[in-house]
Amino acid sequence: MNNTSSTVIMYDLTGSFAENKDTARQVRYKDILPHLENNNNICIDFSSVDLTTQSFIHALISEGVRKYGEFGVSLITFKSCNTLVKSIIRTVIYYSLEYSTIEPSSDTVIISTEDIPQANSLDTIKIVLRSLQGSKNIEQLSNKTGYSKRHIGYRLSSARILGYLDPINGELTNTGIELVNTEVGSEDERKLFINAIEDSKVYQLIAPDLLEDKSPSQHTLAKRIMLHTGMSESTAVRRANTLLSWRRQIGDSQMILRLFDLI
Amino acid sequence: MLSMLAAWGDYWVRQGVKINCKNTDAKGVDYVARMGLFKYISATNPREITEHEPSGSFVPITKLVNSSDRAKFMANLMPILNKNHSRYSDAVKYSLSELTNNVMEHAGGAPAFACAQYYKQSDKVSIGVADCGIGLYTSLSNTISVVDDCDSVMQSVKPGISGAVKSVYSSSDNAGAGLFYNKCIAHASRQYFAIISGSAAFRLRRKQNSIDFNASPVNDRHDVYQNLPNWKGTVVGLDIKVASGREFNNLSKRVLETYTRQYRPKKKVNINFE
């Protein structure tokens with residue numbers, strides 16, 4: 001996460017009574033929304049502000065809270081607020097979260113939460129796939145790999161998402177067989193992972209920019225996951241981390257390869 | 001009443017109508033002149049008066065066309081309040097800010113007129129804001145389903161209703177907070193709060209059954225008037241008597257609690273206060 005931070009001194013803009021909504025709107029567009037969009041922290045300093053109105057605070061932060069949810073709230077620091085200012089900020093945040101705009105529109109494609117992976121390590125997915133041969137059920141897989149049944153479930157589900165397992169009979173697909181036969185850490189393995197990710201529904205619908213030079217932020221991915229699945233924010237953030245983790249695992253190899261190319 | 005007259009006069013003057021004033025010897029005309037009414041009805045001031053510096057007891061009628069006018073009005077108000085009525089200043093500042101914002105946002109571009117008067121004997125401040133704009137029914141119809149003027153007036157004092165886009169609280173610029181907050185301020189100080197639009201009016205009675213604020217005006221002790229002569233626009237008036245800054249803070253806390261009672265998050269939300 002990028003932690004670039006900046007501070008808005010409210011008194012300099014409003015004086016001791018922060019009530020002009022035009023000023024609030026300007027700060028919202030110029031400072032708050034760009035920071036939240038880019039995953040950056042922002043501090044709003046209310047030192048020497050004695051009084052504010054609910055309309056002012058609403059115009060200042062409500063859009064950001066509705067757009068970026070709790071994650072957006074976590075990026076904002078409210079400094080030196082008196083009791084009243086704090087109460088108004090709390091109120092606006094509470095109802096803005098309640099009316100968060102993170103809702104699907106009529107043309108949004110909804111996908112199942114089961115199509116969003118939650119196994120962070122591609123290596124362990126491969127280990128589970130290799131262990132499938134000779135294992136009749138999850139319990140046997142668990143005994144064989146030493147992973148908990150819950151984590152076996154995550155990895156099998158991710159393998160299905162990546163097209164390595166047939167969703168109907170649960171058997172390895174051709175690409176699944178290809179994968180288990182590749183050498184660990186090899187370029188062939190990396191290419192198969194990349195192809196599988198690019199062919200997956202989650203990549204095409206939610207993270208088409210996952211493998212680009214500039215990755216989408218955790219928040220951006222989480223927001224898209226929430227939009228397409230209706231997941232809660234905290235779950236969506238965890239699943240976004242899985243996708244970013246996959247990117248890192250593939251990207252590492254790519255960097256080494258480039259270095260070798262240069263040599 | 002003065003804000004209404006100024007809005008009404010300004011409306012007709014803009015339509016090219018000439019306004020004549022009669023019975024200008026009547027008691028109170030000096031006061032009306034000092035408050036600046038004649039300026040807005042394009043009538044000659046009928047009597048020679050000594051214009052007092054407004055600081056101390058009143059804020060003369062001010063025409064608010066845009067946010068810049070409103071900002072100037074608020075700026076002019078500050079020294080008057082701080083110097084003479086610091087006991088009331090927070091509540092009055094808050095009220096006037098929210099009311100002028102609210103009326104201007106729902107006026108549909110028509111100018112709003114605001115004024116305030118401090119009454120020493122009863123120790124209260126009266127505030128009035130009026131416009132001859134589109135009225136609450138038309139304004140609220142853009143956001144929620146309202147049946148008629150009476151329904152609009154009742155809906156307008158509920159928290160979160162009068163935002164500028166569809167669904168409650170969903171506007172980025174408009175909290176729909178102003179009228180509800182002002183009703184609560186009047187409730188707490190056992191004073192009147194009234195709103196008029198179209199052919200309907202709502203008046204909060206001074207004496208309420210409970211000190212708790214009601215999100216719905218139906219649960220307040222109130223009067224509703226229907227089939228009144230049509231006022232094309234909106235008028236809001238209230239009296240404030242809040243004894244101290246501390247009292248205002250407590251009042252605000254109670255208003256906000258009423259406001260958010262139905263929206264309290266199911267799990268704790270971490271807000272970074274430093």
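Which side chains meet in a salt bridge with a distance of 3.2 Å, N to O? In this predicted model, the side chains are those of B:Asp223 and B:Arg203, a salt bridge being a side-chain nitrogen of Lys or Arg within 4 Å of a carboxyl oxygen of Asp or Glu. The pair links distant parts of the chain, with B:Asp223 in strand E6 of chain B and B:Arg203 in strand E5 (residues 200-204), 20 residues apart. Helices (H or I, at least four residues) and strands (E, at least two) are DSSP runs, numbered from the N terminus. B:Asp223 is buried, with a relative accessible area of 14%, whereas B:Arg203, at 29%, is partly exposed; buried means under 20% relative accessible area, exposed over 50%, and partly exposed in between (1.4 Å probe, protein chains only).

Because the model is predicted, local features need pLDDT of at least 70 and side-chain atom pairs count only at pLDDT 80 or more, while totals for chains, interfaces and linings use all residues. Residues are numbered from 1 along each chain as its sequence is written, chains are lettered from A and ligands numbered from 1 in the order in which they are written, and side-chain values use heavy atoms, with hydrogens and water left out.

Over all chains, 14 salt bridges were found. In chain A, A:Asp115 is joined to A:Arg160, with the closest N and O atoms 3.6 Å apart. These partners are 45 residues apart, A:Asp115 lying in the loop between H4 and helix H5 (122-131) and A:Arg160 in helix H7 (residues 149-161) of chain A. A:Asp115 is buried at 14% relative accessibility, and A:Arg160 is partly exposed at 25%. A further salt bridge connects A:Glu187 with A:Arg190, the closest N and O atoms being 2.7 Å apart. Both residues belong to helix H9 (residues 187-199) of chain A, where, being three residues apart, they are separated by about one helical turn. A:Arg190 is buried, with a relative accessible area of 8%.

Chain A contains 12 helices and five strands, and 52% of its 263 residues count as buried. Of the contacts (heavy atoms within 4.5 Å) in chain A with a separation of 6 or more, 71% are between residues 24 or more positions apart. The largest nonpolar core has 81 residues, and those with the most contacts inside it are A:Phe46, A:Leu60 and A:Ile61. Such a core is a set of buried Ala, Val, Leu, Ile, Met, Phe, Trp, Tyr and Cys residues joined through side-chain atoms within 4.5 Å. Helix H3 (residues 54-75) of chain A contributes the largest share of this core, 10 residues. Apart from neighbours within four places in sequence, A:Leu60 is in contact with A:Met10, A:Ala24, A:Val27, A:Arg28, A:Ile32, A:Ile44 and A:Phe46. Apart from this core lies another, of 41 residues, among them A:Leu132, A:Leu156, A:Ala207 and A:Leu243.

Six aromatic pairs are present over all chains. Rings of Phe, Tyr and Trp (its six-membered ring) pair if their centres lie within 6.5 Å; planes under 30 degrees apart count as stacked, over 60 as edge-to-face and the rest as tilted. The rings of A:Phe78 and B:Phe273 have centres 5.8 Å apart and planes at 45 degrees, so the pair is tilted. A:Phe78 lies in strand E5 of chain A and B:Phe273 in strand E8 (residues 272-273) of chain B, so this pair joins two chains. A:Phe78 is buried at 1% relative accessibility, whereas B:Phe273 is partly exposed at 23%. The rings of B:Tyr40 and B:Phe113 are edge-to-face, with centres 5.2 Å apart and planes at 75 degrees. B:Tyr40 lies in helix H3 (residues 37-40) and B:Phe113 in strand E2 (residues 112-119) of chain B, so the pair ties together parts that are 73 residues apart in sequence.

Two residues other than glycine have a positive phi of about 55 degrees: A:Ser80 and B:Asn227, for which the value is near 55 degrees. A:Ser80 occurs in the loop between strand E5 (76-79) and helix H4 (83-98) of chain A and is partly exposed at 35%. B:Asn227 occupies the loop between strand E6 (222-225) and strand E7 (231-240) of chain B and is exposed, with a relative accessible area of 73%.
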